[in-house]
Amino acid sequence: MMRLIANALWFLSMLPDYFRFCAALRFPYPAQKRIARKRKPTMDADILLLEPTSGSTGGTKWIPYTQQLQREFLRAVNPWIAALYLRHPSLFVKTHYWSISPYTEARQPEGGKRRGFAEDRDYLSPLQKTLTRHLFPVPAALASVQDPRQHSLLTLLYLLDAPSLGLVSVWHPSALLALLALGTEAAETLAAALSAGRWPDGQQHRPNPTRAQNAEAHLKAQDYAALFPSLKVISCWDSAFAAADADRLRKMFPKVEVQGKGLIATEGIVTIPWRQRHVAAITAHTLHLDPYDMKTGERDPAHRIPVHAAEAGKNYSVVLTTGNGFTDYPLGDIVRCVGHIARTPCLAFQFRSGGVVDLHGEKLHAGHVADIIARLEATHGAFRFAMLMPCASHNGYAFVCREEDTCTAEELEALLCESYHYRHARNLRQLDPVRIVKHPDALAAFCAVRRCSPAAVKVPHLYVPRDASEWRGLAEAYLSCEK
């Protein structure tokens, strides 16, 4: 009963933002004007913490987070979650899992602003965070467990012991896939802990021998859908390089809706899921779009337009003005307008813009490489990982992918040579032919060198060298696996 009451209170708390968003879909321009008019200037005292970005280019940047920005995030999150309740009414009696990351000491400096949220639920309102105590089986205290394996094992135990898990929210689908794979690897250990009630956190939990026996059998059989028979929705990224892993989840959970999160960045929310599409979050931040030329890789700020003026079939670079003092902030994400809901555009994420690599006059840019990868995927299927990077050890490029991904160096070279400058550099022998490098876990290697979490990283289509040590580290990690 308490679970039903908590879900109902959470849903009711979201309804004002839900109805506001529904109305704004028909009148996006007035909605955007209203947001801009009510936004207050940001002072240093308004900054609650600094949240790190995980962008595809450059080093880590710390984004100031304010109460005003939190409210803007909620004006996007609340309509999305309310729509989930309406589409899946059984969620009113289910529990939820929203990802929790270990909160390391490195993110808690002795002086200055706190650095980083510990978990997804920190974005919620105070009332909603209170309600999560009755709805979220994985406790917030788990963020203090810094050992990655123990953190994952405890997460699995709480989920396996959870009654009626209905919603799972993670960032990258690979995070959930890795968690399930660990469950299969450690099935006996998890079953023993559930059966005895003695978990790695040292606390005594309720013994559950029946659940332990069933969990062990399903984990060993990799029958993950049977583990969570009440699961209705998995929310995760499903665009670009996350698409293949999201499709794996859809096959593992054929009766579960695997819903793409839309375009969410540390700086702000651009789109939210709505009617099986990703519509602009017009009641959250002020959104502008710069026309983007896929051939030259250049955006055109001189012809910037408000988001409601987006035209179907055209590509744009996203510009945000948000409640933390960011004005006309170029997000670096390239989107394509793929239609409209009422008068509000639906924007499909294309890639992260990352500048140009011009080591030998080849002038390769991210837009061209993104187009090449899309054409290869049309022939060979979605890549689990795909990144073109200039080699530090020779005059050429390496195309890094997973062992199961398929393409040949010859067809990739032919596509690259469609660029005049690349073809000219090859003809002058300034560049060697491109090489294919297959790595068993390319994403983990990338994150290890970048020192970032695989749950939230955005992998660039084209790696632009900006730090010599990082570039060497990636070369060592990948080229050692070259076949």
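Trp 274 is buried, at a relative accessible area of 6%. Buried here means under 20% relative accessible area, exposed means over 50%, and partly exposed lies in between (1.4 Å probe, protein chains only). This is a predicted model: local features need pLDDT of at least 70, side-chain atom pairs count only at pLDDT 80 or more, and totals for chains, interfaces and linings use all residues. Residues are numbered from 1 along each chain as its sequence is written, and side-chain values use heavy atoms, with hydrogens and water left out.

**Aromatic pairs**

The structure holds 16 aromatic pairs. Tyr 18 and Trp 274 form a tilted one, with 5.8 Å from centre to centre and 40° between the planes. Rings of Phe, Tyr and Trp (its six-membered ring) pair if their centres lie within 6.5 Å; planes under 30 degrees apart count as stacked, over 60 as edge-to-face and the rest as tilted. This pair links distant parts of the chain: Tyr 18 sits in helix 1 (residues 2-26) and Trp 274 in strand 8 (residues 271-274), 256 residues apart. Helices (H or I, at least four residues) and strands (E, at least two) are DSSP runs, numbered from the N terminus. Tyr 18 counts as buried because its relative accessibility is 15%. Tyr 18, Phe 19, Phe 21 and Trp 274 form one aromatic cluster.

Another ring carries a charge. Lys 261 lies over the face of Trp 171, at 5.2 Å from the ring centre. The criterion is NZ of Lys or CZ of Arg within 6 Å of the ring centre and within 35 degrees of the ring normal.

**His 96**

His 96 lies in strand 3 (residues 95-98). His 96 is buried, with a relative accessible area of 1%. Its side chain makes a polar contact of 3.5 Å with that of Tyr 85. Such a contact is a pair of N or O atoms within 3.5 Å; within protein, one must be able to donate a hydrogen and the other to accept it, and residues adjacent in sequence count only if both atoms are side-chain atoms. Leaving out residues up to four places away in sequence, His 96 touches several residues, including Asn 7, Trp 10, Leu 135 and Phe 136. Contact means heavy atoms within 4.5 Å.

An open sheet of 3 strands has the order 18-19-20, with mixed pairing. The edge strands are strand 18 (386-390) and strand 20 (435-439), and each pairs on one side only. Two strands pair if DSSP finds at least two bridges between them.

| Strands | Sense | Bridges |
|---|---|---|
| Strand 18 and strand 19 (residues 397-402) | antiparallel | 5 bridges |
| Strand 19 and strand 20 | parallel | 5 bridges |

Ala 398 in strand 19 is the bridge partner of Met 389. In strand 20, Ala 398 has Arg 435 as its bridge partner. Strand 19 is mostly covered, with 6 of its 6 residues buried. Tyr 397, Phe 399 and Cys 401 point one way from strand 19, while Ala 398, Val 400 and Arg 402 point the other way.

Ala 386 stands opposite Cys 401 in strand 19. Helix 14 (residues 442-450) packs on the sheet, touching strand 18, strand 19 and strand 20, and its direction makes about 120° with that of strand 19. Axes are lines fitted to C-alpha atoms, for helices over the stretch in contact, and angles run from 0 to 180 degrees between N-to-C directions.
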